[in-house]
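Subject: Structure for you to look at

Hello,

Here is the structure I said I would pass on. My notes on some of its helices follow below.

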Amino acid sequence: MADSENHAPSTTTASPKSDPKPRWGLRLGLGAAALVLLAIVYFVVRLFLPVWWATRIGNQTQGSITSGILLGLIYGFVFTFVPLLIAWQARYKKVSWPWKSVIVLVAVLVAIPNLLTLSIYANSSSSATKARTMIDTSATWFPSWSIGGAIAGLVLFMGIAAFWHLWHSRGKKIKAMKSDIKARSTAQAASSNPGLPNTPGRPAPASEAGLGEAQSPTLSPDQRAGDSKPSS
């Protein structure tokens with residue numbers, strides 16, 4: 001007992017010393033590096049990507065009105081509908097929060113083509129102005145039909161989500177009705193149980209009648225012969 005009491009304080013006093021000290025220098029360095037990286041990404045997106053995206057759109061349409069309409073419709077629909085479906089998967093309760101953030105990040109990455117088109121027309125920088133001029137020259141109908149395709153993808157997604165919600169609620173109602181019917185049938189079977197006590201107007205069960213016949217006394221052969229002789 002004395003040894004255990006002497007060793008106990010040593011373990012409690014040694015535990016705080018084993019905790020590592022926070023490395024504030026490393027944390028500050030990582031934070032500064034993250035800010036620099038975000039600044040670089042911002043300037044690249046603002047100055048380089050609008051012109052690059054406008055060039056890609058112009059190379060794909062080649063100045064054709066039909067190509068601009070089809071390309072805008074496909075880009076707007078696909079890169080709106082698919083990201084919404086991906087982000088919708090984060091609604092499940094079985095998915096943990098880290099995976100929910102990963103799913104949302106994947107959805108944002110898939111929607112980058114529409115985000116690039118939006119950045120061109122929602123930006124007032126010189127590169128965005130140049131990109132708008134390039135698109136208006138080589139792919140005139142691309143922006144308008146891209147918006148139309150995005151609206152169509154959004155409407156389709158909302159319809160699928162509403163249908164799924166109605167179907168899911170209907171399944172819950174049917175399951176509740178089945179459980180209610182099962183509970184009622186179980187209660188009726190319990191109320192009509194033949195093992196209840198006999199009443200004066202109620203006949204005895206067949207099992208009890210068979211038991212009474214089995215317990216009736218047996219007659220000897222002489223008694224049976226005497227019973228079978230005719231009375232004089």
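A residue counts as exposed when its relative accessible area is over 50%, and as buried when that area is under 20%. Please keep in mind that this is a predicted model.

I began with helix H7, residues 126-138. Its 13 residues should span 18 Å at 1.5 Å a residue, and the end C-alpha atoms are 19 Å apart, which agrees. Ser127, Ala128, Ala131, Ile135 and Ser138 of H7 are buried. These residues lie on the same side of H7, because the arc they cover around the axis is only 110°. Ser126, Lys130 and Thr137 are exposed on the other side of H7. Among the elements covering the buried residues of H7 are helix H2 (24-47), helix H3 (49-61), H6 and helix H8 (142-191).

In H6, the buried residues are Pro113, Asn114, Leu116, Thr117 and Ile120. Their arc around the axis is only 160°, so they too sit on the same side of their helix, H6. They pack against H3, helix H4 (65-88), H5, H7 and H8.

The last item is the packing of H5 with H6. Two packed helices are described by the angle between their axes and the distance between those axes. For helix H5 (residues 97-110) and helix H6 (residues 112-121), the angle is about 60° and the axes are 5 Å apart. That angle makes H5 oblique to H6. Val108, Leu109 and Val110 in H5 meet Ile112, Pro113 and Leu115 in H6. By type, the residues of this contact are six nonpolar, no polar and no charged.

Regards

Key:
Residues are numbered from 1 along each chain as its sequence is written. This is a predicted model: local features need pLDDT of at least 70, side-chain atom pairs count only at pLDDT 80 or more; totals for chains, interfaces and linings use all residues. Side-chain values use heavy atoms; hydrogens and water are left out. Axes are lines fitted to C-alpha atoms, for helices over the stretch in contact, and angles run from 0 to 180 degrees between N-to-C directions. Helices (H or I, at least four residues) and strands (E, at least two) are DSSP runs, numbered from the N terminus. Angles under 35 degrees count as roughly parallel, over 145 as roughly antiparallel, 65 to 115 as roughly perpendicular and the rest as oblique. Contact means heavy atoms within 4.5 Å. Ala, Val, Leu, Ile, Met, Phe, Trp, Tyr, Cys and Pro count as nonpolar, Asp, Glu, Lys and Arg as charged, and the others, Gly among them, as polar. The expected span of a helix is 1.5 Å times one less than its number of residues. Buried means under 20% relative accessible area, exposed over 50%, partly exposed in between (1.4 Å probe, protein chains only). The arc is that of the directions from the helix axis to the C-beta atoms.
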